[in-house]
Amino acid sequence: MRITLLDVAVAILVLGLVALSAVRFGGGIAEQAVLASPAMTPGSLNPDVTEETIGQTICARGWTATVRPPTEYTNALKARQMPLYGESGSPSDYQEDHLISLELGGNPTDPKNLWPEPYPRASDVDRIENQLNDKVCSGELTLADAQRQESELKHQHG
């Protein structure tokens with residue numbers, strides 16, 4: 001059997017695509033994402049965050065800490081939502097995540113803006129949320145565009 005340069009190029013391309021998809025979608029091939037349900041978790045916005053107020057809210061260092069709900073609240077909500085999402089693992093393996101993150105003006109406590117997202121995907125998505133926040137605060141993206149992108153990501157890829 002003779003291996004040609006074309007065979008090698010195709011093999012490299014396939015391996016590259018597999019690696020890219022693993023990185024792009026938050027981990028290994030076996031990792032399972034929990035998609036946010038559009039019916040149960042459509043998202044909800046914080047009325048205090050608008051394009052006009054981002055300088056005093058999401059773009060102000062430390063602001064999200066002032067609106068983050070207490071762990072007791074999110075843990076209790078996670079326990080109620082996990083069965084609704086068909087998840088039966090340990091609650092500590094999940095983060096009760098905001099569909100529209102606090103960094104992008106999501107409602108902190110509305111159950112329609114929260115759902116149980118497994119680790120490590122939840123950590124990967126946190127980095128994406130911070131990147132979107134940076135783009136909004138630099139003027140590269142509007143708040144509405146960033147919120148739309150985040151909603152699409154979580155509904156389509158977890």
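Here is a short chat about reading the salt bridges in this predicted model.

Visitor: What should I know before I start?

Guide: Residues are numbered from 1 along each chain as its sequence is written. This is a predicted model, where local features need pLDDT of at least 70, side-chain atom pairs count only at pLDDT 80 or more, totals for chains, interfaces and linings use all residues, and side-chain values use heavy atoms, leaving out hydrogens and water.

Visitor: What is a salt bridge, and how many does the structure hold?

Guide: It's a side-chain nitrogen of Lys or Arg within 4 Å of a carboxyl oxygen of Asp or Glu. The structure holds 5 of them.

Visitor: Where do D124 and R127 lie?

Guide: Both sit in helix α4 (residues 121–137), 3 residues apart, about one turn of the helix. Helices here are DSSP runs of H or I with at least four residues, strands are E runs of at least two, and numbering goes from the N terminus. The D124 and R127 side chains meet in a salt bridge at 2.4 Å, N to O.

Visitor: Is D124 buried or exposed?

Guide: Buried means under 20% relative accessible area, exposed over 50%, and partly exposed in between (1.4 Å probe, protein chains only). D124 is buried at 17%, while R127 is partly exposed at 49%.

Visitor: Which residue forms a salt bridge with E129?

Guide: That's K154, with the closest N and O atoms 2.5 Å apart. This pair links distant parts of the chain, E129 in helix α4 and K154 in helix α5, 25 residues apart. E129 is buried at 4%, and K154 is buried at 0%. Salt bridges with shared partners join D97, E129, E150 and K154 into one network.
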